[in-house]
Amino acid sequence: MLDGLNILDATDRLGWLAGRLLADLGAAVTKIEAPGADTSAAEWRALNVNKTLVELDLERLADRERFDALAAKSDILLATPVPGTAAAQCCDYERLAALNPRLV
């Protein structure tokens with residue numbers, strides 16, 4: 001149903017289900033997690049199935065550049081960043097709109 005739609009999922013527990021539902025409907029969902037995040041918990045595994053996992057440390061310049069490259073190719077960004085963090089800076093709308101004007 002959503003084949004061809006690319007979703008970048010930078011959510012925490014509050015947003016996992018949204019990405020899961022989009023993945024279940026056929027969208028290609030790329031899940032961003034910090035290196036060393038516990039992805040073995042049953043809840044994480046249940047709500048992040050059908051997603052491609054990419055580990056990024058958004059404090060590192062190289063990983064922020066990788067995030068930007070993923071955002072430039074995505075149709076939708078799902079994000080639940082904590083204000084004032086590197087993740088919040090990466091998810092800044094004006095910055096991302098300059099990279100990819102069609103990103104929702």
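Buried means under 20% relative accessible area, exposed over 50%, and partly exposed in between, with a 1.4 Å probe and protein chains only. The model is predicted, so local features need pLDDT of at least 70 and side-chain atom pairs count only at pLDDT 80 or more, while totals for chains, interfaces and linings use all residues. Residues are numbered from 1 along each chain as its sequence is written, and side-chain values use heavy atoms, without hydrogens and water.

**Exercise 1.** Classify Asp63 as buried or exposed, and list its contacts beyond four places in sequence.

*Solution.* Step 1: Asp63 lies in helix H3; helices (H or I, at least four residues) and strands (E, at least two) are DSSP runs, numbered from the N terminus. Step 2: its relative accessible area is 8%, so Asp63 is buried. Step 3: with neighbours within four places left aside, Asp63 is in contact (heavy atoms within 4.5 Å) with Leu56, Asp57 and Leu58.

**Exercise 2.** Determine how the buried residues of H3 are arranged around its axis.

*Solution.* Step 1: H3 covers residues 61-72, and its 12 residues reach 16 Å from first C-alpha to last. That is close to the expected 16 Å, where the expected span is 1.5 Å times one less than the number of residues. Step 2: the buried residues of H3 are Asp63, Phe67, Asp68 and Ala71. Step 3: seen down the axis, these fall within an arc of 150°, so they line one face of the helix; the arc is that of the directions from the axis to the C-beta atoms. Step 4: their cover includes strands S1 (6-10), S2 and S4 (76-79), and helices H4 (86-90) and H5 (93-99).

**Exercise 3.** Describe Asn50 by place, phi and accessibility.

*Solution.* Step 1: Asn50 is in the loop between helix H2 (42-47) and strand S3 (51-55). Step 2: its phi is near 70°, a positive value in a residue other than glycine. Most residues other than glycine have a negative phi. Step 3: at 49% relative accessible area, Asn50 is partly exposed.

**Exercise 4.** Place Leu14 in the fold and compare its separation from Thr80 in sequence and in space.

*Solution.* Step 1: Leu14 lies in the loop between S1 and helix H1 (16-24). Step 2: its relative accessibility is 72%, so Leu14 counts as exposed. Step 3: Leu14 and Thr80 are 66 residues apart in sequence and 7.4 Å apart in space, C-alpha to C-alpha.
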